[in-house]
Amino acid sequence: MRVLRNFLRPGWIALAIVVIAFAVACFWVLAPWQLGKNSRTEHQNDLIKRAESSQPVPIGDLYQDGRPVEDAEWSRVSVTGRYLPDKQAVVRLRSIEGSPAYEVLTPFAADSGDTYLVNRGYVKPVQGTALPPITPPPSEQVTLVARIRAAEGTSPGREPRTEAGATQVYSIDPVVLGRAVDVPLAAGYLQLTDDQPGGLGVIDLPQLDSGPYLSYGLQWLAFGVMAPLGLGYFVWSEVKQRKAAKTGAPIPKKPRERGRRTREALAASSTGAVVHSETRGPIGSGPTSAPDDKLSDRYGR
């Protein structure tokens, strides 16, 4: 009971609270966060792999009530209709191969009656970061093959604006852009593949890299285990020290102290051997006279 009271001091209580809070954060917040990112990345990679080996299907097969069906992202679809160039917008602050670029978004009125937002690709500035001239899309009816992409959200304060004679946005959000250009758009958007009518610079597929999220998640789990073990070690060490002090038993020296004393003993014995060797005379002459105190120590005289 007395030992328990020793650990009810503010310092020990604060340490226990910090360790417990850290372990809980590791197991219920930090590790799930990283492992969740790893699961989402692996799921995206699986969708891309599946889409690369599949053939385009009519867009109606993967859209229901104006929204893509589950796990339809990256799938290739075909759609027939006309571009609406007067409702076009550009996405600013994009980067292609390390260079600034604009992505061009043009609504596409399908023959089915729905209107989809089509990412036609990118254009790079010619002078500084100014918006360059954009090649208009064809005005006649065309059939496109594109990939379904999930919409991006819009951050507060980053709504669409008109600049340099064009509607400019910071992200691809069909709902927000549809209100800005006064055209209701289906959820998600379509990203053109190679050699499509109205296509510009082709945006490549992302690399299939799972990233470091799995290792980060395992590290947080390890930290969550090590923290309580470290606290347990400190408690055990404190109890051991207090028991030794109570019973009057010698407190075990630390490994560093024992190592220092061992080195001193070895050095002393080595020095004694050297002194003894120096007291020997020439070969065959026997030992020379040594000081009385050393002979007395050695032979007990």
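This is a predicted model: local features need pLDDT of at least 70, side-chain atom pairs count only at pLDDT 80 or more; totals for chains, interfaces and linings use all residues.
User: How many residues does α2 have, and where does α2 bend?

Analyst: Helices (H or I, at least four residues) and strands (E, at least two) are DSSP runs, numbered from the N terminus. The expected span of a helix is 1.5 Å times one less than its number of residues. Helix α2 has 43 residues and reaches 61 Å from first C-alpha to last, close to the expected 63 Å. A bend at a residue is the angle between axes fitted to the seven residues ending there and the seven starting there. In α2 there is a bend of about 45° at cysteine 26.

User: Where does UniProt place the feature "transmembrane region"?

Analyst: UniProt positions are given in the numbering used here, with shortened feature names, and annotations may be inferred rather than shown by experiment. The unreviewed UniProt entry puts this feature at residues 12-31 and 218-236. In the model, residues 12-31 are 100% helix and 0% strand, with end C-alpha atoms 27 Å apart. Residues 218-236 are also 100% helix and 0% strand, and their end C-alpha atoms lie 27 Å apart.

User: Is glutamine 34 buried or exposed?

Analyst: Buried means under 20% relative accessible area, exposed over 50%, and partly exposed in between (1.4 Å probe, protein chains only). Glutamine 34 has 5% relative accessibility, so it counts as buried. This residue is in α2, which covers residues 10-52. Contact means heavy atoms within 4.5 Å. Beyond its neighbours within four places in sequence, glutamine 34 is in contact with Tyr213, Tyr216, Gly217 and Trp220. Glutamine 34 and tyrosine 216 are 182 residues apart in sequence, but their C-alpha atoms are 6.3 Å apart in space.

User: Which residues have the most contacts inside the largest nonpolar core?

Analyst: A nonpolar core is a set of buried Ala, Val, Leu, Ile, Met, Phe, Trp, Tyr and Cys residues joined through side-chain atoms within 4.5 Å. The largest one has 18 residues, and Val79, Tyr116, Leu144 and Leu190 have the most contacts inside it. Strands β4, β6, β7, β8 and β11 each supply at least two residues of this core. The largest share, four residues, comes from β8. A second, separate core of eleven residues includes Val91, Val169, Val181 and Val183.

User: Which residues of β11 are buried on its two faces?

Analyst: In a regular strand the side chains alternate between the two faces of the sheet. In β11, Tyr189 and Gln191 on one side and Leu190 and Leu192 on the other are all buried.

User: How do β7 and β8 pair with β11?

Analyst: Two strands pair if DSSP finds at least two bridges between them. β7 and β11 pair in the parallel sense over two bridges, and asparagine 119 has glutamine 191 as its bridge partner. β8 and β11 run antiparallel and are joined by four bridges. Arginine 147 stands opposite glutamine 191.

User: What is the phi of leucine 93?

Analyst: Leucine 93 has a positive phi of about 60° although it is not a glycine. Leucine 93 lies in strand β5 and counts as exposed because its relative accessibility is 63%.

Technical notes. Residues are numbered from 1 along each chain as its sequence is written. Side-chain values use heavy atoms; hydrogens and water are left out.
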